[in-house]
Amino acid sequence: MIRKSRLVFGSVTLGVAAVLAAILLISHVWRENPLPAMALGGPFRLASANGGIVDSEQLRGHPYGVFFGFTHCPEVCPTTLYEMSQTLGELGDQAKDFRLFMITVDPERDTAALLKEYVGNFDPRMEGLVPTPEELKAVAKSFRAYYDKQPTSDGSYTMNHTAMVYLMDRDGRFVTVIPYGDTPEGRLEKVRRLLGQG
Amino acid sequence: MRLVKEFAIATALTIAAGLSIASGHAHEVKIGDLEIIHPWSRQPLPAARVGAGFFVIANEGKTDDRLIKATAAISDNVQIHEMAMEDGVMKMKELTGGLVIPAGSTVELKPGSYHIMFMDLKERPVEGTAFEGTLTFEKAGTVSVTYEVEAPDAGMN
């Protein structure tokens, strides 16, 4: 009886220890390298909500961030815009070369004028991009970003979409992501790290 | 990886919810066994055509109830939605069957979770003002609520 309970106790302890070790390891790996080095983000040429074209080739020398969103978005997109403008505000001139692009996943409803107004009041470094449906498909694929339409009862729709900011270095290479819900310190640290590179 | 991410998001949302409750002054209404605490909304971004409403519902009764309908002065198209993050993807779902409020428990409508969705805004709510709405429950019936409009970034990190 005693031996059996010891055995049970022993294996439970071992189990708990294994789980704890796994959590520590995973959190360590996550912190060090949120996404293992991947070739995320390909070259793109997309219409800017401010007029003209943004060509990733012409972004050489500028570290930049990209996120996917839409203006009928109640939560994630405004939050991302506010949080990133706060981060850029704090970095000030340190991030003067940095650019942040919001690519709409709802080109059907998001016109350039609408997106310009939506993004425009935040920070001059932030800019909306309005792809055609085909361009959207290609750019989302290159970032491995997901989006799809969710029908609503009124015959309209809302969108599901990947909610994170991809950070790209001065050479257009993917560095890391700012996950949705990251802390102000986490955001600051990641953008600082990005600016310090290259 | 997923676990840590989810924990971080959960923590952020808990803090956000706490801030949002602290920032406005609490106001509540009662209908039957239900208490609706601090309905609030955010001033939407320029050009935004949607808004969201949040509150806490406490069911002090012995039977479950269900929020089945919401109306608001600012929109003729009001829906009950659930937002969830799954593997970095924001997923939005309309709760066409309504939202169950279990007996003896509290359901929180808050940023990043359940919320009332005001579609096709007729007018844009402005920070510091308030707008009227109603909530209809399967058992308790219909109650009028007043949403207080907070800053566009209320309850964010």
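**Close-up 1. Contacts of A:Tyr166 in the predicted model.** Leaving aside neighbours within four places in sequence, A:Tyr166 is in contact with A:Leu40, A:Gly41, A:Gly65, A:Val66, A:Phe67, A:Phe143, A:Phe174 and A:Val177, where contact means that the C-beta atoms of two residues, placed from the backbone, lie within 7 Å. A:Tyr166 and A:Leu167 touch the most other members of the largest nonpolar core, which has 80 residues; such a core is a set of buried Ala, Val, Leu, Ile, Met, Phe, Trp, Tyr and Cys residues joined through C-beta atoms within 7 Å. This is a predicted model, in which local features need pLDDT of at least 70 and side-chain atom pairs count only at pLDDT 80 or more, while totals for chains, interfaces and linings use all residues. Residues are numbered from 1 along each chain as its sequence is written, and chains are lettered from A in the order in which they are written.

**Close-up 2. Helix 2 of chain A.** Helices (H or I, at least four residues) and strands (E, at least two) are DSSP runs, numbered from the N terminus. Buried residues of helix 2, among them A:Val76, A:Leu81, A:Met84 and A:Leu88, have 20 or more other C-beta atoms within 10 Å of their own. Just after this helix, A:Gly92 takes a positive phi of about 55°.

**Close-up 3. The side of chain B that touches chain A.** Here 36 residues of chain B are in contact with 34 residues of chain A, and helix 1 of chain B gives the most to this side, with seven residues.

Key: A residue is buried if 20 or more other C-beta atoms lie within 10 Å of its own, exposed if 12 or fewer, and partly exposed in between; C-beta atoms are placed from the backbone.
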